[in-house]
Each structure stands twice: as structure tokens, then as C-alpha cells.
Amino acid sequence: MRTRRNELGKSQERLADDSGMHWTFIGQVERGQRNVSLHNILKLAEALGMDAGELVRGLKVPPAGSGKTE
């Protein structure tokens with residue numbers, strides 16, 4: 001997500017505005033500190049101008065007990 005955001009020249013704040021999310025959430029997702037719902041994956045993909053499948057391609061399942069779901 002960070003790579004695509006940078007390719008587009010968007011700040012975290014701009015991506016947050018474009019996707020209807022808070023900029024702190026964007027930063028936490030990029031740092032792997034938050035899990036993202038399917039609904040938010042779709043919103044982020046749209047704001048990044050890409051297919052949601054491309055956004056998640058290659059991601060590994062995190063070990064049990066890691067990441068935040070709040």
C-alpha cells in the first residue's frame with residue numbers, strides 16, 4: 001500500500017481523505033499495526049486506483065496473536 005501511495009505522490013493524509021479513513025489508521029496499516037477489514041481494503045484499493053486483489057497479493061497470514069483488530 002505504501003509503495004502504491006508513494007507512486008501516486010499521495011501523503012497518508014491525502015489517502016485518508018480519498019478513502020474516508022483517518023490518517024493515523026493509514027499509518028498504522030502501513031506499519032502492520034492494524035488489521036484491515038475487507039470493506040476497508042476495498043475502499044483503500046479504490047482510493048489507490050487498483051484492484052483489491054493486487055493490494056493484498058503476496059501478503060502472508062500473520063502468526064496467531066499478532067496485530068490489532070480494534
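## The nonpolar core

The largest nonpolar core holds 13 residues. Among its members, Leu15, Met21, Ile26, Leu44 and Leu55 touch the most others. The largest share, five residues, comes from α4.

In soluble globular proteins, nonpolar side chains tend to be buried together.

Which residues does Leu15 touch, leaving aside those up to four places away in sequence? They are Met1, Arg5, Ile26, Leu44, Ala47 and Leu48.

## Confidence in the model

This is a predicted model. Mean pLDDT for the protein is 91. A pLDDT of 70 or more is reached by 93% of the residues. Confidence is highest in α2, at a mean of 98, and lowest in α5, at 94.

## The two sides of α4

Six names make up the buried set in α4: Asn40, Ile41, Leu44, Ala45, Ala47 and Leu48. Why do they lie on the same side of α4? They cover an arc of only 165 degrees around the axis, and this puts them on the same side.

The other side of α4 has exposed residues: Leu38, His39 and Glu46.

## Around α4

Where do the buried residues of α4 pack? Their partners are α1 (2-7), α2, α3 and α5.

Conventions: Residues are numbered from 1 along each chain as its sequence is written. This is a predicted model: local features need pLDDT of at least 70, side-chain atom pairs count only at pLDDT 80 or more; totals for chains, interfaces and linings use all residues. Side-chain values use heavy atoms; hydrogens and water are left out. A nonpolar core is a set of buried Ala, Val, Leu, Ile, Met, Phe, Trp, Tyr and Cys residues joined through side-chain atoms within 4.5 Å. Buried means under 20% relative accessible area, exposed over 50%, partly exposed in between (1.4 Å probe, protein chains only). Helices (H or I, at least four residues) and strands (E, at least two) are DSSP runs, numbered from the N terminus. Contact means heavy atoms within 4.5 Å. pLDDT is the predictor's confidence in each residue, from 0 to 100. The arc is that of the directions from the helix axis to the C-beta atoms.
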